[in-house]
Amino acid sequence: QVQLVESGGGLVQAGGSLRLSCAASGRTFTNYTMGWFRQAPGKERESVARIGRSGISTYYADSVKGRFTISRDNAKNTVILQMNSLKPEDTAVYYCAASDYTILSSTYRYWGQGTQVTVSS
């Protein structure tokens, strides 16, 4: 089992920044590809960013490219999502997740409880 706990959400004005953190515990952190997902009210959950086990490979949704950066600290079992130039359409619950597969896969086995991000216009 892997336990994931997100933090760092909140309310921010459009154009502002937030930094989400996800702390992992349980099994070996470097065994997992990590990802951030989000779900807005009335919409399906979508993949925002993913990072490979070593931290070298990354993937971003087109909607966040150039604004969001995913990183991981394998020594601290932590994955970070730095969100800049936030837009009202970024408002959603953001989830951290862990996958047994590469960043090419959308299959994630472990999920955090989510953290709310609200961007006001």
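1. Glutamate 46 and arginine 38 form a salt bridge through their side chains, with N to O at 2.6 Å. This is a predicted model, and the distances below should be read as belonging to it.

2. Aspartate 90 counts as buried, with 1% relative accessibility.

3. These contacts are part of a wider arrangement. A network of salt bridges links Arg38, Glu46, Arg67 and Asp90. The salt bridge count for the model is five.

4. Another salt bridge pairs the side chains of aspartate 100 and arginine 109, at 2.8 Å from N to O. Here aspartate 100 is partly exposed at 29% relative accessibility, and arginine 109 is partly exposed at 47%.

5. Turning to the rings, the count of aromatic pairs is four. One of them is tyrosine 32 with tyrosine 110: the ring centres are 5.9 Å apart and the planes stand at 85 degrees, so the pair is edge-to-face. Tyrosine 32 is in the loop between strand E3 (18-26) and E4, and tyrosine 110 is in strand E10 (residues 110-111), so the contact ties together parts 78 residues apart in sequence. Both tyrosine 32 and tyrosine 110 are buried.

6. Phenylalanine 37 and tyrosine 108 are also edge-to-face, because their planes stand at 75 degrees, with ring centres 4.9 Å apart. Phenylalanine 37 lies in strand E4 and tyrosine 108 in the loop between E9 and E10, so this pair ties together parts that are 71 residues apart in sequence. Phenylalanine 37 is buried, at 6% relative accessibility, and tyrosine 108 is buried with a relative accessible area of 8%. Phe37 and Tyr108 form one aromatic cluster together with Trp111.

7. Two arginines lie over aromatic rings. The charged end of arginine 50 sits over tyrosine 59, at 4.3 Å from the centre of the ring. Arginine 72 is placed over the face of phenylalanine 29, at 4.3 Å from the ring centre.

Terms used
Residues are numbered from 1 along each chain as its sequence is written. This is a predicted model: local features need pLDDT of at least 70, side-chain atom pairs count only at pLDDT 80 or more; totals for chains, interfaces and linings use all residues. Side-chain values use heavy atoms; hydrogens and water are left out. A salt bridge is a side-chain nitrogen of Lys or Arg within 4 Å of a carboxyl oxygen of Asp or Glu. Buried means under 20% relative accessible area, exposed over 50%, partly exposed in between (1.4 Å probe, protein chains only). Rings of Phe, Tyr and Trp (its six-membered ring) pair if their centres lie within 6.5 Å; planes under 30 degrees apart count as stacked, over 60 as edge-to-face and the rest as tilted. Helices (H or I, at least four residues) and strands (E, at least two) are DSSP runs, numbered from the N terminus. A charge sits over a ring if NZ of Lys or CZ of Arg is within 6 Å of the ring centre and within 35 degrees of the ring normal.
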